[in-house]
Amino acid sequence: MSNENKTIHEFELNLICDFFSTMERQGPGSPEVTLKALSFIDNLTEKSLIADIGCGTGGQTMVLAGHVSGQITGLDFLPGFINIFNRNAKQLGLQDRVKGVVGSMDNLPFQNEELDLIWSEGAIYNIGFERGLNEWRKYLKTGGYIAISESSWFTDERPAEINDFWMDAYTEIDTIPNQVAKIHKAGYLPVATFILPSTCWTEHYFAPAVTAREILLNKYAGNQTAEELVGLSCREEMLYSKYKKYYGYTFFIAKKIEL
């Protein structure tokens, strides 16, 4: 595989952590979008148990915690992210009900039918959309919600350059109708679906990435792998600017139903 086609998963974890830890969010999103998704979810109380899977440093988690009163567990496999997550929770005075833990998406530390809400912004791709929907379902109470943002095609056909980029990065990207059908097949009632506005990419992801690139290159001066990671980030931004009418992120909110 050429450097041009290298994906984020092929970089050293310490580099990935150093790059993304300087950003409030590790993927496209915004506080407004988090709250819009939350607005479709009801019946949450101070006794509700919520998991944010693939939470990163917790940018979206802290927004959630400011608008729901339940217990929130953030889970990520990078200890550096969780250290920042717990520090942020403490600074906001949320440490009594918001806790970050190091863990794997394919072995969640929850009991069956324990959770009222599973949240995951831009992270389910790490395990796969269908696999995540199917495997995480058992942890939700019947009537509990899942809220996830995921990359989607907006058209059935697209230029080869962007199609090839995504086929290298994540072959499970699909059209929104197909993704909704997969949600229903996995045992959920689709409640709401909406496309994230482009500002979630440009203002809340790519703009902070500019500073993150500078910090990384200064810290790892002369390191070829760091330069490749920065190059991938720049290419991702270029491709989005060029092809954003063909793809983006979609938020899906669904409720667990009896099968």
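A residue counts as buried when its relative accessible area is under 20%, and as exposed when that area is over 50%. The exercises below concern a predicted model.

**Exercise 1.** Decide whether strand 4 (residues 115–121) is enclosed or open, and state how many of its residues are buried.

*Solution.* Begin with the cut-off of under 20% relative accessible area for a buried residue. For the chain as a whole, buried residues make up 51% of the 259 residues.

**Exercise 2.** Work out which strands pair with strand 4, and in what sense.

*Solution.* Take strand 1 (residues 49–53), which runs parallel to strand 4 and is joined to it by three bridges; here I50 has L117 of strand 4 as its bridge partner. Then turn to strand 5 (residues 140–153), which pairs with strand 4 over six bridges, again in the parallel sense, and in which S149 stands opposite E121. These pairings belong to a protein chain with nine helices and eight strands.

**Exercise 3.** Compare the radius of gyration of the protein chain with the value for a compact globule of 259 residues.

*Solution.* For 259 residues a compact globule would have a radius of gyration near 18 Å, and because the protein chain has 18 Å, the two agree. Next consider the extent of the C-alpha trace, which spans about 50 × 45 × 30 Å along its principal axes. Finally, among contacts with a separation of 6 or more, 77% are accounted for by residues 24 or more positions apart.

Technical notes
Residues are numbered from 1 along each chain as its sequence is written. This is a predicted model: local features need pLDDT of at least 70, side-chain atom pairs count only at pLDDT 80 or more; totals for chains, interfaces and linings use all residues. Side-chain values use heavy atoms; hydrogens and water are left out. Helices (H or I, at least four residues) and strands (E, at least two) are DSSP runs, numbered from the N terminus. The radius of gyration is taken over C-alpha atoms; the globule rule is 2.2 Å times the number of residues to the power 0.38. Buried means under 20% relative accessible area, exposed over 50%, partly exposed in between (1.4 Å probe, protein chains only). Contact means heavy atoms within 4.5 Å. Two strands pair if DSSP finds at least two bridges between them.
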